[in-house]
Amino acid sequence: MLACCIDRNYAELAAVMLRSAHLNGNIPDVEFCILGDGLRASDKEKIRTSVERPITFIDIDEAMLGEIRYLKTTNAWSRVIYARLLLPDCVGENHSRIVYLDADTLVVGDMSYLFTVPLEGNLIAGVRARGIRKLADMNREIGRSDGAFYFNSGVLVIDAAKWRSEKMSEKSFELLNARPFSFPDQDVLNLLADGRTLQLDGRWNAQMMEERADTVIVHFTKAKPNSEECRHPQQSAYLALRADTAWADAPLRTKRQRRWKRIGHSIRKRWLAIRKRWLAIRKRWLAV
Ligand SMILES: [Mn+2]
């Protein structure tokens with residue numbers, strides 16, 4: 001199964017990403033799945049007609065929300081980043097392997113290897129993270145040795161059967177509730193899969209504008225390809241694919257929209273804090 005996890009804000013990126021996997025990925029028999037947070041019927045319909053392939057939609061329900069509602073978010077990271085931790089539990093027992101892709105990735109070549117590569121007893125396969133921060137620092141922050149393999153969480157091959165049997169979702173939320181993390185979902189995945197991660201070549205997750213001839217999956221880790229600020233050489237490939245989707249005529253997102261999103265996020269965050277406090281007070285009351 002190929003899966004991603006999105007809210008409404010990422011519907012366009014997910015539609016184009018899945019379309020790229022459908023057209024370029026050479027995976028005709030793979031089931032496509034979207035774990036959605038608050039998607040409307042109209043969003044799903046738009047995505048379906050854009051990808052031109054059947055898609056299994058799973059809605060995040062109240063029980064799942066309970067796990068993620070109060071976890072740390074930023075204007076760039078909504079709570080849906082945590083949904084990937086729930087994926088193996090939601091897709092059903094018959095799915096033993098999940099290839100997870102961030103919505104901000106683009107498949108430009110044959111990705112069938114990810115569905116057959118032997119995991120050799122590992123929990124996860126992933127690609128080394130590339131970013132502004134040094135990996136040694138990121139490792140140290142989560143209590144690991146400097147040289148430990150730290151992977152990016154945007155492209156993952158997950159042994160879903162193992163994940164379920166070892167109750168990894170529960171363990172990840174225990175960790176998330178116990179202490180703050182800089183890169184929450186990614187730090188926790190790296191901790192849980194410590195010493196049990198298969199390292200994939202960089203071409204499976206080309207981050208930070210990295211240009212290589214053999215790239216199979218591009219990851220827009222900086223500005224998103226549907227924004228005016230994007231300077232990625234593969235933005236044109238994204239827009240070419242988008243031209244045959246329901247978002248063909250959508251204007252590129254502007255800096256100003258991003259500012260409004262930031263303001264919206266801080267208001268929502270404050271509201272959630274109030275709600276959380278109120279629920280705690282009420283609980284105490286009812287206990288008296
Ligand atoms: Mn990403």
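Reader: At what angle do H1 and H2 pack, and how far apart are their axes?

Author: Two packed helices are described by the angle between their axes and by the distance between those axes. In this predicted model, H1 and H2 pack at about 25°, and their axes are 8 Å apart. Angles under 35 degrees count as roughly parallel, so H1 is roughly parallel to H2. The crossing of H1 and H2 is right-handed.

Reader: Which residues of H1 and H2 meet?

Author: From H1, the residues are Ala11, Ala15, Leu18, Arg19 and His22. They meet Ile47, Ser50 and Val51 of H2.

Reader: Across which strands do helices H1 and H2 lie?

Author: Helix H1, residues 11–24, lies across strands E1 (2–7), E2 (32–37), E3 and E4 (97–101). Its direction is at about 165° to E1. Helix H2, residues 41–51, lies across E1, E2 and E3, and runs at about 155° to E3.

Reader: In what order do the strands of the sheet stand, and which are the edge strands?

Author: The open sheet consists of seven strands in the order E3-E2-E1-E4-E7-E6-E8, with mixed pairing. Its edge strands are E3 (55–59) and E8 (197–200), each of which pairs on one side only. From one strand to the next, the twist averages 25°.

Reader: Are the residues of E2 buried or exposed?

Author: E2 is mostly covered, with six of its six residues buried. Phe32, Ile34 and Gly36 point one way from the strand, while Cys33, Leu35 and Asp37 point the other way.

Reader: Which protein atoms are donors of the manganese ion, and how are the donor residues spaced in sequence?

Author: The protein donors are Asp102 (OD), Asp104 (OD), Asp104 (OD) and His219 (NE2), at 2.2 to 2.4 Å from the manganese ion. The donor residues follow the spacing D-x1-D-x114-H. Asp104 lies in the loop between E4 and strand E5 (105–107), and His219 lies in strand E9 (residues 217–219), so this pair ties together parts 115 residues apart in sequence.

Reader: Are Asp104 and His219 buried or exposed?

Author: Both Asp104 and His219 are buried.

Key: Residues are numbered from 1 along each chain as its sequence is written. This is a predicted model: local features need pLDDT of at least 70, side-chain atom pairs count only at pLDDT 80 or more; totals for chains, interfaces and linings use all residues. Side-chain values use heavy atoms; hydrogens and water are left out. Two strands pair if DSSP finds at least two bridges between them. Helices (H or I, at least four residues) and strands (E, at least two) are DSSP runs, numbered from the N terminus. Axes are lines fitted to C-alpha atoms, for helices over the stretch in contact, and angles run from 0 to 180 degrees between N-to-C directions. Contact means heavy atoms within 4.5 Å. Donors are N, O and S atoms within 2.8 Å of the metal (3.2 Å for Na, K and Ca); water is not among the atoms, so sites may look incomplete. Buried means under 20% relative accessible area, exposed over 50%, partly exposed in between (1.4 Å probe, protein chains only). Angles under 35 degrees count as roughly parallel, over 145 as roughly antiparallel, 65 to 115 as roughly perpendicular and the rest as oblique. A crossing is left-handed if the near helix is turned anticlockwise from the far one by less than a right angle, and right-handed if clockwise.
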